[in-house]
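Dear colleague,

Please read the notes with the structure open beside them.

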Amino acid sequence: MNELPTRKGTRNWRRLCLLWAAACLAGSSGALTVVPARTAAAEGAVMSGAVSKSDSSVSGGTVVWLNRAVDGETQIYTRDEVTGSVKAITTRNTAKDVPYIQGTTVVWADKGDQDPASANWDIYSYDLSTGVEQKLNRRAGEYANPSVDGSGVVWSDNQKYGRIVYHDLATGAEASLGEGRYPVLVNGRVIYKNARDGGLSVLELDSGVTRSLVSLGGSHAVDWFVTNGEYVLYKQKNGSLESKYAVVFLQDQLAEPQDLTPMTSKQEEYAFMSIGDTQAAFLVNEGGQAVLKGVNLATAKIYSLGETGSGKKYIGFSGDRLVYAQTDGSLGSLDLGKYNTGPAAGEGPTSSTGSSSSPSGSTSGDSAAKASAKFTIGPEGGTASLKDGRVRLEVASGIFAEETEITLTELERAGLPLKDEKGRVLEAAGAVWNIQAAGDFGKKAQLALAYDDEAYWTGHREKLGIYRYDNALGYWTYIGGATSDSNGRIVRTSIGLSGTYAVLLRKVSFGDLNSSHWAVKEVEVLAARGIVDGMGADAFAPKDTLTRAQFSKMLAGALGISPVTPAQPTFRDVASAKWSFGWVEAAAAAGIAEGDQGLFRPEDALTREQMMAMLVRAAEERLGEGQQQEAGLDKFEDRASISAWALPLVEQAVSLHLVEGSGDRINARATTTRAEAATVVYRLLERIGQL
């Protein structure tokens with residue numbers, strides 16, 4: 001992390017604050033800031049005009065939180081749940097508020113260039129995949145409460161009735177959505193509070209249609225709300241300082257809000273309220289005690305989870321697991337998924353309690369019914385398989401620390417929108433499966449899913465992949481997929497999380513790559529797998545030169561290597577603030593990329609011999625030593641142009657058929673185009689059995 005110039009004592013305090021917050025986050029799906037608090041005077045001076053009920057957020061295995069140091073400095077940090085790496089994504093000494101993450105985008109309110117004494121705030125974003133930070137708002141204003149989904153960001157200002165602003169992440173276009181406060185963007189909808197009557201409304205972005213969710217008036221108003229895109233949980237207050245909790249189902253336009261608690265006065269009010277996939281929770285005062293209540297969203301039934309006098313600080317939901325921190329800073333969680341006994345998601349609240357799950361290892365006798373079974377797998381490992389292997393989870397030794405129940409359930413496709421994080425349409429090539437483990441994965445297991453026996457799917461086989469559905473965001477994320485399975489129509493990948501999985505097809509094409517282009521197949525396969533992107537709305541730019549940093553990212557993405565963010569950069573010219581930092585560090589840590597005398601030269605054009613060296617290192621790691629060699633360089637008349645250090649690696653690349661020459665030339669010192677890079681990455685995946 002690049003620190004601002006400061007006194008030694010202050011630096012030590014910042015380090016202590018960061019270490020304490022990171023310790024509290026360790027092993028957690030939630031987010032928490034546990035640092036010494038600022039004085040009320042300092043807080044009021046710096047945070048004037050900001051409105052916040054959360055200083056942390058979590059999405060897709062990444063936690064983001066706001067760290068407040070004792071000297072008043074605030075910075076935003078992220079933590080990868082898989083690797084445990086912690087990274088500061090801000091470094092400037094400005095006030096910040098309300099960090100929020102969805103997918104790979106973090107947004108927050110920031111004083112930025114604004115006068116600290118003014119009421120104005122800016123809205124910033126940070127893309128974890130590229131390392132790019134940008135200020136989003138075009139004009140100065142009293143902005144607050146940003147929210148992001150896969151395609152856009154919304155925020156509101158503090159004018160009399162509020163004004164909601166929408167920012168398109170792809171184009172940078174900005175539009176006013178009209179009056180409203182505290183907007184939340186999810187599944188193509190903006191849910192917000194009406195400033196005039198205190199109720200709630202929803203705006204459908206596709207159609208531009210606005211409809212009322214909660215109509216109030218007089219002294220009644222919504223105090224706060226949370227939503228998962230299907231349901232909204234909210235607290236309502238009146239002029240007599242009474243309050244109640246209620247829930248409303250978003251999918252049914254005729255649905256009426258259902259009260260969860262009566263409108264009564266409370267000895268004390270609590271701010272905590274959170275919503276998961278199928279359950280929600282809130283704190284309420286009963287008999288002078290703080291009591292945690294759970295809510296089954298599908299049935300609108302509440303249940304008590306006990307008093308909270310033990311010092312627990314509730315953070316929020318990851319799926320249906322409610323994460324909390326204890327007084328010693330350790331973390332725990334409550335699995336509320338066991339209360340999911342109502343109708344399937346998408347049916348809305350009913351008065352019935354629903355049916356229980358299938359007995360262990362059983363499936364319905366009705367051939368049209370969906371299959372479900374439970375398995376117990378211990379530390380020695382094992383396999384959970386259903387429907388003649390159409391779903392198969394292979395658990396190696398040591399993945400689970402103790403005997404763990406695994407549930408495989410076939411789901412209806414209806415109700416799960418087939419789109420990715422960019423809103424692109426996906427096609428389902430097989431059944432949808434929910435895979436639930438009662439314990440945490442110590443390391444990744446192998447998942448195999450079958451796809452349908454139709455010519456259409458086999459014709460697009462290499463573009464198929466296993467995707468995981470994000471309930472909170474309402475889209476599917478590509479996980480991986482080796483489709484060249486000798487057992488037939490099977491796609492395989494590694495997973496380390498419970499969730500909903502399916503084999504899907506994402507077809508991506510580019511206007512500057514027609515069907516006769518020599519690299520069209522390779523580019524479209526890599527684009528379908530999310531390894532390469534276009535350079536604009538409809539262009540791939542196949543002839544553009546690739547840099548060393550860009551190829552590091554491409555190769556790491558192809559091999560499923562996540563970004564790495566060490567505290568001390570490996571290369572002097574790839575600082576933590578660069579977009580390529582995590583990818584270059586990941587490639588270096590995997591032994592794929594190397595520098596020279598402490599420099600990586602990330603913006604230098606990638607030469608063909610550098611590309612071949614990185615490919616061979618990646619292949620050797622996965623194929624092992626002793627691969628069959630072929631004499632391959634004597635046929636090239638420019639063999640002498642190959643650098644001495646690269647000679648054995650170039651020879652290996654040619655012998656493995658990862659690269660080809662141009663006629664009788666290898667062109668080792670020539671630069672590499674985007675199309676050439678896509679082609680050799682495709683060959684690498686083919687060579688290591690990942691196509």
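Lysine 293 is buried, with a relative accessible area of 11%, and its salt-bridge partner is glutamate 286, the closest N and O atoms of the two being 3.1 Å apart. Glutamate 286, by contrast, is partly exposed, at a relative accessible area of 40%. Please keep in mind throughout that this is a predicted model.

That pair belongs to a set of 26 salt bridges found when the whole structure is searched. Another of them joins the side chains of glutamate 269 and lysine 235, with 3.0 Å from N to O. Because glutamate 269 lies in the loop between β21 (264-265) and β22 (273-275), while lysine 235 belongs to strand β18 (residues 231-237), this pair ties together parts that are 34 residues apart in sequence. Lysine 235 counts as buried, at 2% relative accessibility, whereas glutamate 269 is partly exposed, with a relative accessible area of 30%.

Turning to the aromatic residues, the search of the whole structure finds 14 aromatic pairs. One of them is the stacked pair of tyrosine 303 and tyrosine 339, with 3.8 Å centre to centre and 15 degrees between the planes. This pair links distant parts of the chain, 36 residues apart, since tyrosine 303 is in strand β25 (residues 301-307) and tyrosine 339 in the loop between β28 (331-335) and β29 (372-377). Tyrosine 303 is buried, with a relative accessible area of 14%, but tyrosine 339 counts as partly exposed at 26%.

Phenylalanine 400 and phenylalanine 441 form a tilted pair, 5.2 Å centre to centre and with 50 degrees between the planes. Phenylalanine 400 lies in the loop between β31 (391-395) and β32 (404-411) and phenylalanine 441 in the loop between β33 (427-437) and β34 (445-450), so the pair ties together parts that are 41 residues apart in sequence. Both phenylalanine 400 and phenylalanine 441 are buried.

Definitions and conventions
Residues numbered from 1 in each chain as written. Predicted model: local features only at pLDDT ≥ 70, side-chain atom pairs only at ≥ 80, totals over all residues. Heavy atoms only, no water. Salt bridge = Lys/Arg side-chain N within 4 Å of Asp/Glu carboxyl O. Helix = DSSP H or I, 4+ residues; strand = E, 2+ residues; numbered from the N terminus. Buried < 20%, exposed > 50% of the residue type's maximum accessible area, 1.4 Å probe, protein only. Phe/Tyr/Trp six-rings, centres within 6.5 Å; stacked < 30°, edge-to-face > 60°.
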